[in-house]
Each structure stands twice: as structure tokens, then as C-alpha cells.
Amino acid sequence: MPSTVTVVATRRWWVLASIGICVTAMHLLALVALGPGWLDPEGPEVEALPQRFELRSVVQAGQGTAQPSQTAAAVPLAPRHDTRTLLAELPRVQRSASPPATVEVAAAQPSTEGAPADANSATEDAGQGRAVTEVPVYATRLPPAGLWRYRLQRGPMVGVAELRWSPQGDARYEMQLTGRVAGVTMLEWASQGQLDAAGVAPERLAIRRRGRDQQAVNFQREAGKITFSGPTHELSLWPGAQDRLSWMLQLPAVVAAAPERYGAGASVVLFVAGARGDADIWTFVVQGVETLDERPTLKLVREPRRRYDTRAEVWLDPADHFAPLRLVQTPTGGGAALELHRERAVP
């Protein structure tokens, strides 16, 4: 017959276990109620309207002129690279002495607030006296179809995520990022569009909840504009413009096309639009080669440009088409960082 002490200890254990189960269940219910917002890479707070700035789209030196509507009949997909050769090329940064040629694009919104431009990509418009941010059009080397699995973490919560890349034979693509915590889908993003001379050319990014689109950004290529499902403002559509998901493979494709250009201090400049109506210049600066998970990676960092913005750190894997091995996005307006750390690649 159990002693009184044993009975009391058993009851206390059950009480504590019950409390723990209840607390865990309440957290899961709260996460389900928050839905994708809890894992939103755009962060819990983001300015509803983008900064007003003036842009100029340019072709990177040594490339031909690419128009926004141009599509490739057969988009070249990258074979597996020799990692040692690529790493040997990375420290040699090549800079052109001649400026790239301007591409004819739709006029940008006039700048009224004098938003700061990135130091490496700003020029002065002599006629207007305004700062103009140049957005290069890069050559790209796209990866073949793939599925990458990641350990997902935001704050104390840990789950799994999958990034699926599906290029199509008709120069189109589909891309999905899903995240699950305790078996519950908390993040579901879907991007689709074309593959053209500027690389990934998104047409629509949708943030989904329970299989239905909740927020979306649309790249209307024939009309030359970017529109949103909620906010009513419109933006000019630039060659090479990305959404908040597609940049995760456009950036690797740019580096893979000319790895010799991207030693420490080099940069990749992208125009990135989100589903909430935000858009801005994302300048990724190469930090150098870093060892991660016992393999060499190329680390790039995008610093925030305004109060409510995103700091992005990405480690590209030369052994796997420069696909992200690790990705950390930190909202500057508050909140925990969202981290994706690859577990293994699935062929």
C-alpha cells in the first residue's frame, strides 16, 4: 500500500503535468489564432505605404538590354558547380570602369520626402537635383527544381519549414514556403510567375491561411505596375523586381551567374515588394566566406533603411547552386527574428 508521501507526490506530479499541458495547449491555440502573422517574414509591424523615392533601372555592365516583357524560350538551369573553383573565384571582385546603360522603363513615383538611397547605388539627377537609386538588371543562373527543408525558429517556438522551387518548361515557375509548428501550418506563402531575361519575374505573391489567399501583391507586367489586394496605391514595375519570397532564389541566381564578382564588399541590389503594400530597395552586401555546418558559405547582409524594416542575413551554399543554407530576418520595429536553418536538401 503506497505511503501518504508517495500519494501526495504523485498527485503533485499530475497537477504540474496538467498545468504544463494546459499552458502548451493555450500557446498552440494562440498560435493558430494568430495564423501566418506569427511567422510573417515581413514582421509584426511594417509601414503600410512604401517610401517615396526615385529609381532608375540599369543593365549591369557587359550585359545586353533586357526588357520587362522579354521571356526566354528556354531558361538555362545551373548544373552542379565545382565548389573549390567557385570559392577560389569569390575573393576577386571585378568592377567595371564604364557606367551601365539605362533601360527604358516606366517613370517612377516622384520623390517628395528625400528618402535616403544606398551609398553604392545612388546617383544625382543633374536636371532635377534629386537622389536617384539605381536598380541593376543582373544576369542570373537559376537552380533546377528543388525542395529544401529547414529548422524554423522564432523566439522560443521551433518548427520545420520547406522551400519548394518548381521551374516549368514554358519559362514559368512556382515557389512555396510553408512552416509548421507542432504539426500546425503557421506559414504558407506562394509565389508564381515567369522566368525571363532578368531571372525570376514574379506575377503574384499570396499569403495564405487555411488554403485561401489573405494578402497578395500582383506584378502586372503588361500594365507595368505593381498592385496589392488591400492597399490601393500602385507602384511602377521594374525589370528584376522581386516579392518577399522570390528574392530568396533570385539572390542566389545572381551570385551563381558571376561568382567572381562577389568578394567581400560587393553588393546585389534588388527592388522587393511585399503583400502588405510595402516596397523598398534591398541592398545585400557580401561579408565574405564563412564556415557553417562544416561547409564554406558566402554570407550577405541587408541592413534596414527605415524605422519599421527588415534586417536580412543569408548564408549561400556554393555546393548547392548557392541556395540559402541559413536565413535570418529580423524586424527592426520589434519582435523576434525568424530563422531558417537547412536540415537537408531533397533532390
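## Calling things by their cut-offs

Me: Which residues of α3 are buried?

Reply: In α3, the buried residues are Trp 247, Met 248, Leu 249, Gln 250, Leu 251, Pro 252, Ala 253, Val 254, Val 255 and Ala 256. Buried means under 20% relative accessible area; over 50% is exposed, and in between is partly exposed (1.4 Å probe, protein chains only). A helix is a DSSP run of H or I with at least four residues, a strand a run of E with at least two, numbered from the N terminus. This is a predicted model, where local features need pLDDT of at least 70 and side-chain atom pairs 80 or more, while totals for chains, interfaces and linings use all residues. Residues are numbered from 1 along each chain as its sequence is written, and side-chain values use heavy atoms, leaving out hydrogens and water.

Me: What makes α3 mostly covered?

Reply: In α3, 10 of its 11 residues are buried. Trp 247, in this helix of residues 247–257, has a relative accessible area of 1%. That is under 20%, so Trp 247 is buried.

Me: Why does His 341 count as buried?

Reply: His 341 has 19% relative accessibility. The limit is under 20%, so His 341 counts as buried. His 341 lies in strand β18, residues 338–346. Beyond four places in sequence, the residues it touches include Arg 149, Tyr 150, Arg 151 and Arg 326. Touching means contact, with heavy atoms within 4.5 Å.

Me: Which residues have the most contacts inside the largest nonpolar core?

Reply: They are Trp 165, Ile 226, Trp 247, Tyr 262, Phe 271 and Phe 284, in a core of 61 residues. α3 gives the most to this core, with eight residues. In soluble globular proteins, nonpolar side chains tend to be buried together. Leaving aside neighbours within four places in sequence, Trp 247 is in contact with residues including Leu 270, Val 272, Trp 282, Phe 284 and Leu 327.

Me: Why is the pair of Trp 282 and Phe 284 called tilted?

Reply: The structure holds four aromatic pairs. In the pair of Trp 282 and Phe 284, ring centres are 6.0 Å apart and planes stand at 50 degrees. Rings of Phe, Tyr and Trp (its six-membered ring) pair if their centres lie within 6.5 Å; planes under 30 degrees apart are stacked, over 60 edge-to-face, the rest tilted. The 50 degrees falls in the rest, so this pair is tilted. Trp 282 and Phe 284 are both buried. Ring pairs link Trp 247, Trp 282 and Phe 284 into a cluster.

Me: How do you know that Arg 302 and Asp 280 meet in a salt bridge?

Reply: Their side chains are 3.9 Å apart, N to O. A salt bridge needs a side-chain nitrogen of Lys or Arg within 4 Å of a carboxyl oxygen of Asp or Glu, so this pair qualifies. Arg 302 lies in strand β15 (residues 295–302) and Asp 280 in strand β14 (residues 279–292), so the bridge ties together parts 22 residues apart in sequence. Arg 302 is buried at 1% relative accessible area, and Asp 280 is buried at 1%. Asp 280 and Arg 302 belong to a network of salt bridges with Arg 305, Arg 306 and Asp 309.

Me: What makes Lys 299 and Glu 313 a salt bridge?

Reply: The closest N and O atoms are 3.5 Å apart, within the 4 Å limit. Lys 299 is in strand β15 and Glu 313 in strand β16 (residues 310–317), 14 residues apart. Lys 299 has 13% relative accessible area, so Lys 299 is buried; Glu 313, at 14%, counts as buried too.

Me: Why do β4 and β5 count as paired strands?

Reply: Nine bridges join β4 (residues 146–154) to β5 (residues 157–167). Pairing needs at least two DSSP bridges, so these strands pair. They run antiparallel. Trp 148 has Leu 163 as its bridge partner in β5. The two strands form a hairpin with two residues between them, and Gly 155 in the turn has a positive phi of about 65 degrees.

Definitions and conventions. A nonpolar core is a set of buried Ala, Val, Leu, Ile, Met, Phe, Trp, Tyr and Cys residues joined through side-chain atoms within 4.5 Å.
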